[in-house]
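The tour goes from one selection to the next.

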Amino acid sequence: MQGQTKSVSFDGREIKLTTGRFAPQAGGSVMIECGDTSVLVTATKSTGREGVDFLPLMCDYEERLYAAGRIPGSFMRREGRPPERATLISRLIDRPMRPLFPGWMRDDIQIVATCLSLDERVPADVLAVTGASMATLLAGIPFQGPMAAVRVGLLGDDFVLNPSFREIERGDLDLVVAGTPDGVVMVEAGANQLSEQDVIEAIDFGYEAITELINAQKEVLKDSGIKHEIPESPKIDETVSNYLDKNCTKAISEVLKNFEQTKEERDNKIEEIKTNISSKIDGLKDDNSVKKSLALNNKLLETSYKALTKKLMRDQIIKEGKRVDGRELNEVREIDAAAAILPNRVHGSALFQRGLTQVLSTATLGTPSDAQEMDDLNPNTDKTYIHHYNFPPYSVGETRPMRTPGRREVGHGALAERALIPVLPEKDTFPYVLRVVSEVLSSNGSTSMASVCGSTLALMDAGVPLKAPVGGAAMGLIKEGKEVKILTDIQGIEDFLGDMDFKVAGTEKGITALQMDMKITGLPIETIGEAINQALPARTHILGKMLEAIDTPKENLSPHAPRLLSFRIDPELIGTVIGPGGRTIKGITERTNTKIDIEDGGIVTIASHDGAAAEEAQRIIEGLTRKVHEGEIFSGSITRIIPIGAFVEILPGKEGMIHISQLSEARVEKVEDVVKVGDQVTVRVREIDNRGRINLTLRGVPQNGGMNYPEPTPTPVAPLT
């Protein structure tokens with residue numbers, strides 16, 4: 001079956017969009033390819049369900065290990081639960097797509113992106129995001145696109161478009177930007193303490209490339225004969241909203257302008273006003289139009305009341321510049337931070353609170369064998385820094401079943417993880433595997449940034465020598481027509497009723513992580529730049545408060561944390577340390593009661609709660625891997641005797657043999673006549689044979705005594721002739 005293909009080239013790379021060939025029964029489908037990476041994206045819509053008052057959008061990214069020529073490592077040899085990176089890519093697709101569907105949409109929509117082939121030079125995630133837009137448009141689903149995404153890297157002083165996995169690892173920036181013709185709709189980034197201006201320029205650079213992908217989608221639609229039109233919004237019965245506007249506006253406004261009350265008091269009063277107006281409506285005559293409208297739609301009161309509250313809160317910010325808690329637009333909530341909250345059996349702990357948002361973070365130090373193995377398509381096979389984020393229902397005063405972490409928990413943990421990675425110490429100097437867990441104890445906005453702050457403090461409390469502390473704040477936005485107000489450190493209601501959630505984390509030197517999500521169809525670069533710059537003084541203020549709790553990493557680790565020694569050996573000698581069937585390394589661990597890990601590059605890490613034992617293990621391994629040269633002199637003890645010679649441990653774990661003929665200048669009948677097990681001897685390396693065996697000699701080597709040297713046998717003299 002032939003399809004239609006459209007190609008877009010930039011920066012020497014070609015992206016192909018193939019339509020009309022794959023998944024013919026899906027609402028819309030596209031195969032998007034770059035290099036040898038191929039992602040099939042489908043979009044399908046079904047009829048809306050009764051009683052649904054939100055957009056039931058499902059975005060799924062599916063990985064197939066055959067895409068990289070691999071067989072799954074599970075017992076079943078079949079892909080099962082999505083790996084964490086697949087979950088994050090699913091969120092990456094959802095976040096720019098969701099705000100582009102009309103607010104009145106209630107139909108079930110499912111977008112499925114399946115990576116069918118992976119080129120290690122071409123990550124699949126940004127292709128999947130662009131493919132989601134194309135498939136949705138082909139399906140004829142009402143959608144305010146086209147939308148596209150690109151990745152921007154930074155190598156040296158140059159921005160790179162859609163860098164390879166290796167270029168991402170080597171560079172100082174990994175930024176994904178998604179946008180529409182109206183502007184930027186999503187940003188996700190990790191950076192190595194880059195300045196605000198560098199990040200703004202990178203976003204601008206990426207948005208320029210997006211324009212070409214948007215135009216390509218428009219051409220595909222035109223060639224397919226599909227008219228991209230968004231139906232008019234269904235007519236809304238405004239009877240109830242007008243009634244609420246007339247009867248509730250004053251009361252709600254008074255509550256929103258009472259800056260002395262707590263969040264709980266404000267929420268209770270707003271709920272009380274709704275209850276009172278509901279009772280008032282119930283008392284109206286049966287033939288009243290408001291009562292008839294509610295009878296036809298039992299959710300209309302809830303929806304209209306929420307819309308009125310949202311309008312009044314936004315008007316207060318736009319017209320008066322005042323937020324519901326009385327703060328100025330650029331003001332950070334009150335901060336309380338403390339380190340060493342828990343006993344030192346927890347290696348490091350901290351409590352960070354901003355307003356009503358409170359997060360307890362703990363840090364655990366592990367050995368290299370504790371690294372998380374990643375069985376997915378990403379070339380990186382393990383993680384040595386792991387951040388987990390938990391959001392229990394009590395944190396918002398609710399009850400619900402506590403099951404496995406959802407996509408939100410995984411995403412917030414990944415964001416906090418990304419923010420801290422640039423400031424972690426190098427593995428050569430601090431070889432620990434680190435796990436941080438952030439427990440959200442109370443939530444009122446910006447819990448992910450509170451997790452970043454708390455985690456920094458917990459790591460410092462654990463004695464991790466961070467390059468710099470990291471703090472973060474969430475920025476918000478209210479946009480009404482041409483009026484735009486940017487909010488610093490948004491709380492829950494401002495996130496819920498606002499237009500943007502823009503999280504910015506970094507050090508005093510620069511930005512380490514960004515995550516921007518929109519509820520409108522796009523934002524110009526100028527406004528994004530303003531938000532990034534407004535976040536800088538907030539971050540500086542927050543870092544100052546954090547350093548009041550703990551200003552430098554602790555010099556001593558918790559007594560319950562493992563002690564690690566790390567050093568490098570010749571990778572070719574790894575087999576020598578491991579030994580046949582692992583016998584050598586097992587013997588060292590049993591002898592010293594330590595835990596030993598060896599990486600392919602030759603880095604050896606020894607873990608023990610006893611420093612002396614770790615040092616003994618290091619001496620043994622260094623002895624095993626030390627190169628011995630002919631003519632060197634060693635002192636050692638006799639470890640065993642065989643009929644033809646004696647073995648001497650010349651270095652910890654390394655033995656050589658003295659042949660019986662090399663025990664003395666005189667002839668030796670029996671090895672035991674000269675040496676016994678346990679004797680201390682001084683030997684010289686006579687030779688190292690072609691199998692690497694060390695042959696020693698005592699002949700001509702001065703000794704300290706204690707051995708029975710036989711008298712040399714006189715050499716017979718031949719008679720003169």
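The stops below cover model confidence, a sheet, a helix pair and a set of paired strands.

This is a predicted model, in which local features need pLDDT of at least 70 and side-chain atom pairs count only at pLDDT 80 or more, while totals for chains, interfaces and linings use all residues. Residues are numbered from 1 along each chain as its sequence is written, and side-chain values use heavy atoms, with hydrogens and water left out.

**Confidence**

Colour the chain by pLDDT (the predictor's confidence in each residue, from 0 to 100). The mean pLDDT of the protein chain is 90, with 97% of its residues at 70 or more. Then select residues 706–721, where the pLDDT is below 50. Beyond near neighbours in sequence, this stretch has 19 contacts in the model (contact means heavy atoms within 4.5 Å).

**The six-stranded sheet**

Helices (H or I, at least four residues) and strands (E, at least two) are DSSP runs, numbered from the N terminus; two strands pair if DSSP finds at least two bridges between them. Select the open sheet of six strands, ordered E1-E2-E3-E4-E6-E5, with mixed pairing. Its edges are E1 (4–10) and E5 (57–63), each of which pairs on one side only. From one strand to the next, the twist averages 15°.

Zoom in on E1 and E2 (residues 13–19), which run antiparallel and are joined by seven bridges. Thr5 has Thr18 in E2 as its bridge partner. Axes are lines fitted to C-alpha atoms, for helices over the stretch in contact, and angles run from 0 to 180 degrees between N-to-C directions.

**Helices H5 and H6**

Next, select H5 (residues 239–256) and H6 (residues 263–282), whose axes come within 10 Å and cross at roughly 160°. H5 is therefore roughly antiparallel to H6 (the term applies to angles over 145 degrees). Show side chains at the contact: Tyr243, Leu244 and Asn247 are among the H5 residues there, and H6 contributes residues including Arg266, Lys269 and Ile270.

**Strand E25 and its partners**

Finally, select E25 (residues 633–642). Five bridges join E25 to E26 (residues 645–651) in an antiparallel arrangement, and the two form a hairpin with two residues between them. Ile641 is bridged to Ala646 in E26. E25 also pairs with E28 (residues 680–688), in the antiparallel sense over five bridges; there, Gly636 stands opposite Val681.

Methods
Angles under 35 degrees count as roughly parallel, over 145 as roughly antiparallel, 65 to 115 as roughly perpendicular and the rest as oblique.
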